[in-house]
Structures are given as structure tokens and as C-alpha cells.
Amino acid sequence: MYPRVIIHLQKLQENAARLVGFLAEKGIQTVAVTKVFGADPRILKAYYDGGIRHFADARIQNLARISPAYGSRMLLRIPMQSELQQVITHADISLQSDIHTIRKLNEEAKRQDKTHQILLMIDLGDLREGVYERGEMREMAKEIASLSHIDWIGTGTNLTCYGGVLPTKENLTQLLETTRWLREETGLSLPVISAGNSSSLYLTEEEGWPEGLNQLRIGEALALGTEAAYGRPFLHLHTDCFELEAEIVESRVKPSMPIGTIGKNAFGETPVFEDKGDRLRAIVAVGRQDADAADLVLQSPCMQILGASSDHMILDAGSCANAQLVEVGKTLRFWMNYRAVLRAFTSEYVDRYYEEPNDERTN
Ligand SMILES: *Cc1c(COP(=O)(O)O)cnc(C)c1O
């Protein structure tokens, strides 16, 4: 079935092993974030085989797919009060920032006769989730410490998500100091300091990663091989774990300028065209519902993506010396960025093909 995403399991397993090892040497625990591939079971296993023992996702439906036998399961998105029952059932740890929710979570944990671990989120200025002000932290700390079925294990922060604020030695040291202050205030050990996502990684390669920051929640670097502050490849991780493959359904020479009066296209945009005369064009059976053309890189250098509607992508193939590449029924491959992988795994129209470790060794 096409379109399909080709998943290179061996490379994903190697990424997991390399990153877990690298961070462990620095005293940092790797929590693998699975939301970009919807906690796909085969990828979970590759990560597990690569040494991952801590998993996290933003959606409770994805967490429910992760076997407790693989290790701990962390809920990343501040939970809705309407899902607390599932949070206690499917998550061992959750990120929290609202005292009313934490109170209700304690009641639900008690009902299910479980102890639930939480990290209190601290906002360092990115202005997404987290407590911002020490007065409020002190109030919350007092109450959280008194809850019978909540095990408060530490603090966390999230950067480069809404405000685009980069993690730096300065703001991460602030997280460390705030946590030390909370330890003094409460007398709790609060052993975990969860210092962000793939955008914090670049700091681990530099001098002076603040000692005591001991956890990172990593999605992008494991799956795409890049850190998220500057989008650079990190630690020679594989950046080619995912490809999109789609099939050509029409191939024909046509004018490069549409004929008629130009109005708006299907997405309300007014398209602009360059007149290159008659050109060989191909239509590929993949569209915006499956992946945005801007998030894909075509692996055939003689072709160029002209545009896409919901279900069709149009290519210029006028520079291809070998017209066989563009025959109806042939397939084409694309490299995918983070957004493309995310969308492919949430679209029910995109099939999944797993490249087994043994297949790859012969390549
Ligand atoms: C998505 C997410 C992450 C992982 O981010 P990456 O940039 O993919 O590493 C970490 N923490 C939270 C709270 C998230 O929502």
C-alpha cells in the first residue's frame, strides 16, 4: 500500500544506544519521547533493544500502547481533569503545573490504590507550561508534600516550544537553583531534574553542563538525529530513519502555466507560476493530508515539487534524462522532517513498512 513510511528499525535502535550511552556518561537519564511516531510498537521495541528504559508521550492513547515491561511511562502534556483516571492507569509519572489537578490526581490514585509520581514544571521564560513565581511554588510545595498518593520526585522545564527561548547555562542553572531551594523548603530529596527536550542537547557537548541536571526528554534527536536548538545533526546519529514512498498516477507533458483565469486554489491561496514552456509532469498519489510538501525532500534530483493539494502532489520532471523514472506505477521516495513524520504517523492513509535489521545489512 502507498503512500507508506519506510521505517529503518536498525538505525533507530542504534540512535537509542548511542544517545543513551552518551548521556549516561554525563549522569543524564534519557527519557524517549514517542509522540512523533505515535508510540508505534515496532519502534518502541527497537528503542528498548537499544537500551531505553524510560518512555514518554503527550497523549494518553499512545502511553496505553507502551508495555509497563519496557520501563517507566511518563505523560508529557499537563493532564486534563477529564482524563485523570487513565493517567493513573497508564502513566507512572506525569508533568504537572496546576494544584487543583494534582489534588484530584491524588484522589484518583487513592481510588486505584496506586502511588503516582509527578514532576513539577517550572517556567523559565518560554511561557508554555510551568509555575513561574516562587511565592506560588512555596504554597504548592507545601500542599503537594502532604498528599498521600502523590510521590513528588522532582522538577522539570520545557523550552523552545512556544516562546522559542533557547536553553542556556543561565536559565538551566536557574532550574537547578530553584530545585535546591524547593528541597530546602520541603525537606524532600526531589532527586529528578528534567532539563528539557532535544533543544537542550547542544549544551551537553559544551563545557559546564550544570551538574545535577539529570534527565532529558528526547524525541527529535532519537528519531531524526538532530538537536532542536539549531537543527544540527547530533552525535553522528542517523538522520535517515524515515522515508516516505508514494506512487506516480499520471505522467504527461503539459504547459507550465495553467490556462484560464487564476483564482484561488483549494486551500484559498493564489498560486504563482513560472512559464517554462511545455514540461514533463508527474502526479504522485500523496497529498497534504499525508504530509506537507514543504516538509518533504524528494530523493530524485531531476524532479522538483511544484505543489500539492489534499491528495495529489505535482512534480516537474522536465529535467529527467531518463523518462522511465517518471512512468505511471513507479514509486518515488522522500526524506521527511519532524512534522512530516508526525503527520504520516497520525494519518490513517499512510501505511507503515518496517525495514528489518537484516535487510539493511545487505544494502
Ligand atoms: C514533545 C516534548 C518533548 C520532546 O521534544 P523533542 O524536541 O522532540 O525532543 C519533551 N518534553 C515535552 C513536555 C514535550 O511535549
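How many helices and strands make up the secondary structure of the protein? The count is eleven helices and 16 strands, where helices (H or I, at least four residues) and strands (E, at least two) are DSSP runs numbered from the N terminus. All the views come from a predicted model, in which local features need pLDDT of at least 70 and side-chain atom pairs count only at pLDDT 80 or more, while totals for chains, interfaces and linings use all residues. Residues are numbered from 1 along each chain as its sequence is written, and side-chain values use heavy atoms, with hydrogens and water left out.

**Figure 1. The whole protein, before we zoom in.**
Taken along the principal axes, the C-alpha atoms fill a box of roughly 75 × 50 × 45 Å. Of the 363 residues, 48% are buried, meaning under 20% relative accessible area, with exposed set at over 50% and partly exposed in between (1.4 Å probe, protein chains only). The accessible surface comes to about 17,100 Å², and carbon and sulfur atoms own 48% of it; such areas come from the Shrake-Rupley method with a 1.4 Å probe, and for residues only the protein chains shown count as cover. Look at contacts (heavy atoms within 4.5 Å) with a separation of 6 or more, and 64% of them link residues 24 or more positions apart.

A polar side-chain atom of N158 sits 3.5 Å from a ligand nitrogen atom. G219 puts a backbone N or O atom 2.8 Å from an oxygen atom of the ligand, and E220 has a backbone N or O atom 2.8 Å from a ligand oxygen atom. On its own the ligand would expose 390 Å², and the protein buries 93% of that.

**Figure 2. Strand β1 between two partners.**
Strand β1 covers residues 4–8, and five of its five residues are buried. In a regular strand the side chains alternate between the two faces of the sheet. In β1, R4, I6 and H8 point one way and V5 and I7 the other, and all are buried. β1 pairs with β16 (residues 351–355) in the parallel sense over five bridges; pairing takes at least two DSSP bridges between the strands. V5 has R352 as its bridge partner in β16. With β10 (residues 242–255), β1 pairs in the antiparallel sense over four bridges, and I6 stands opposite E243 there.

**Figure 3. S94, tucked into β5.**
S94 belongs to strand β5 (residues 93–96) and counts as buried because its relative accessible area is 0%. Its side chain makes polar contacts with the side chains of Q96 at 2.8 Å and H116 at 2.7 Å. A polar contact is a pair of N or O atoms within 3.5 Å; within protein, one must be able to donate a hydrogen and the other to accept it, and residues adjacent in sequence count only if both atoms are side-chain atoms. Leaving out residues up to four places away in sequence, S94 touches L75, V87, L105, H116, Q117, I118 and L119.

H54 is in strand β3 (residues 54–57) and is partly exposed, at 24% relative accessible area. V31 is 23 residues away in sequence, yet the C-alpha atoms of H54 and V31 are 4.7 Å apart. The side chain of H54 makes a polar contact with the side chain of Q29 (3.1 Å).

Most residues other than glycine have a negative phi, and most peptide bonds are trans. The bond from Y2 to P3 is cis, with omega near -5°, and P3 is in the segment before β1. L127 has a positive phi of about 65° and is exposed, at 53% relative accessibility. L190 has a positive phi of about 35° but is buried, at 1% relative accessible area.
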